[in-house]
Amino acid sequence: MTGPKPKSSSHPGLSAETLTAQALGNVDERTKALVPPIHPSTTFERDADGEYRSGRGYSRPHNPSYDEPESLLATLEGGSDCLLFASGMAAANAVFQSLLPGDHVVAPRVMYWALRKWLIESAMSWGLDVEFLDTSDLDQLRAAMRPGKTRLVWLETPANPTWDVTDIAAASVIAHEAGARVAVDSTVAPPVITRPIEHGADLVMHSATKYLNGHSDVVAGALVCREQDAFWNRVTAWRRDAGGVLGTFEAWLLLRGMRTLFVRVQRCSESALAIARHFGGHPKLHAVLYPGLPDHPGHDIARRQMKGGFGGMLSMRHRGGQAGAMETAARVNVFKRATSLGGVESLIEHRASIEGPSTPVPADLLRFSIGLEHPDDLIADLEQALDHTVADAHQDDHKTSSPPLNQGGDSLTHTVENLLAERVRPVAAERGGDLRVKAVTDGVVQLEISGSPGATFPLRAHITALIQHYVAADLEIAFLALDSDSGAESGSVAERITALLNDQINPAVSAHGGQIRLARIEQDVVYLTLEGGCQGCAMADVTLRQGVEVLIKEHVPEIVSVVDDTDHTQGRQPYFKTKKGM
Ligand code: PLP
């Protein structure tokens with residue numbers, strides 16, 4: 001049984017504005033209502049012979065309330081099908097989880113933070129080989145492609161929150177030549193201004209929570225595909241089976257919000273441009289980041305790729321560093337201090353403090369979502385807020401990437417160190433660990449890991465592939481937890497496990513205020529308890545299964561399984577913070 005198709009419709013002679021305002025012009029057949037009814041029914045009647053000729057059986061895959069917003073979005077994006085999801089994250093997840101463990105994925109270094117975090121914490125543990133790079137740099141993108149291995153190039157353009165612009169057409173050519181799909185998170189550039197499929201993308205993703213709905217009152221996500229191919233069938237099956245579906249009232253609200261998409265986005269874009277121009281060269285700011293300004297590095301591509309406006313998102317960098325940025329946010333009266341974007345009200349946010357220590361976002365940056373207020377009110381509000389701030393930055397407010405370790409070794413060591421500093425250490429840091437080059441000898445790169453073993457051990461295949469791809473294909477990579485001459489190699493099973501924990505694992509996790517103890521051994525199963533920072537840690541499971549267990553099995557082959565005997569609910573000092581403000 002399939003749902004009612006096709007989603008995308010052609011309406012010759014009618015503009016996208018007209019189709020959007022009229023939600024494709026559909027009128028309810030039974031009542032002649034111009035506004036479609038909501039269909040809360042979770043289930044649909046079978047025919048007498050047991051068939052579902054209506055094409056609908058159960059609401060999770062086939063709710064009629066999705067039909068109209070999905071058709072409208074597929075039409076606006078020029079795609080062949082659309083699926084709504086419970087959130088933008090659910091939509092993005094469906095794409096990544098339709099890939100297979102081992103697949104290589106390229107994603108922007110600067111991108112929507114929570115998705116980057118999910119890729120690092122969950123997708124990599126699940127086995128995706130995710131590489132972050134500057135996708136606006138086409139040479140970098142080309143160099144990263146591993147034909148036959150790279151399955152997905154994920155783009156976000158303009159990218160949160162520096163609004164780097166990636167040339168979708170050029171990136172698509174590079175990806176397609178390597179046999180990879182291109183998916184574009186087009187949340188900040190809705191189809192009013194960018195239609196990624198026209199530029200060669202295969203999939204378009206939206207956090208419909210933002211511009212598509214536009215009123216800060218619905219969380220929703222959407223995917224649109226160019227072709228309903230086998231991969232799309234997997235995505236469709238994922239939505240049905242993973243169950244991240246949108247509520248029917250939310251789908252109805254979304255369609256209502258979308259009817260005004262064009263006027264909202266056009267107005268937001270005009271105001272954002274006016275505000276960006278006004279504050280360019282302001283004495284308290286050292287940069288205004290907006291793709292509509294000629295000095296933005298992505299301006300020329302944006303002019304080709306974004307039609308009828310550059311969107312409502314912009315950022316400003318305060319000369320007073322983090323303190324100046326925070327002070328500005330504290331003093332606004334019209335802008336609302338809140339996260340999210342694309343709503344009718346204008347928002348201001350200091351992103352670095354939200355995103356945490358591993359963020360690539362500069363500490364002096366403020367992000368603005370421009371809404372529908374009069375731009376003069378917004379300008380006056382920001383002027384008075386900036387007036388009260390100081391333009392001198394403390395030196396440590398200027399974020400620089402951490403210097404490579406072990407400066408001064410030979411050039412191969414140097415190359416590996418730089419690669420790790422660029423592509424691996426930020427990811428490991430996000431997961432609570434770190435690694436450094438101990439030595440490069442006889443074609444073997446020895447990497448020493450520290451912090452949570454679960455932070456780096458699951459990345460071993462990824463790190464090996466990166467070094468072999470960028471440095472030399474025949475290099476061997478050895479991962480050393482700590483000194484290899486610990487007592488872990490001799491004695492009874494219990495003695496060797498205790499030595500391993502004490503010599504190799506606990507020194508690493510002690511940085512988290514954590515400790516892992518041997519509780520008991522029953523036949524070939526070892527029971528461990530996690531204490532201190534490890535006890536309440538959100539990554540404890542990963543640390544144990546993909547870090548500690550791997551190490552124990554490598555050094556103590558008699559052990560077939562490691563069991564966590566910890567009462568995690570009693571954990572009081574979680575190293576790996578799961579909630580803001582903890
Ligand atoms: N992509 C971008 C660019 C976003 O800004 C967001 C949310 O802020 C998302 C994806 C995730 O969407 P949602 O919050 O609807 O899950």
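I began with L447 and, leaving aside its neighbours within four places in sequence, found it in contact (heavy atoms within 4.5 Å) with L420, L435, R436, V437, K438, I463, I467, I477, A478, F479 and L480. I note that this is a predicted model, in which local features need pLDDT of at least 70 and side-chain atom pairs count only at pLDDT 80 or more, while totals for chains, interfaces and linings use all residues. Residues are numbered from 1 along each chain as its sequence is written, and side-chain values use heavy atoms, with hydrogens and water left out.

Of its 73 residues, F96, W154 and L447 touch the most other members. Apart from it I found another core, of 69 residues, including L24, V218, A276 and V288.

Next I turned to a sheet, taking strands as DSSP runs of E of at least two residues and helices as runs of H or I of at least four, numbered from the N terminus, and counting two strands as paired if DSSP finds at least two bridges between them. The sheet is open, with 3 strands in the order β16-β17-β18 and mixed pairing. Because β16 (514-522) and β18 (561-564) stand at the edges with a single partner strand each, one side of each is left without a neighbour in the sheet.

I saw that β16 pairs with β17 (residues 525-532) in the antiparallel sense over 8 bridges, and that I521 stands opposite V526 in β17.

Terms used: A nonpolar core is a set of buried Ala, Val, Leu, Ile, Met, Phe, Trp, Tyr and Cys residues joined through side-chain atoms within 4.5 Å. Buried means under 20% relative accessible area, exposed over 50%, partly exposed in between (1.4 Å probe, protein chains only).
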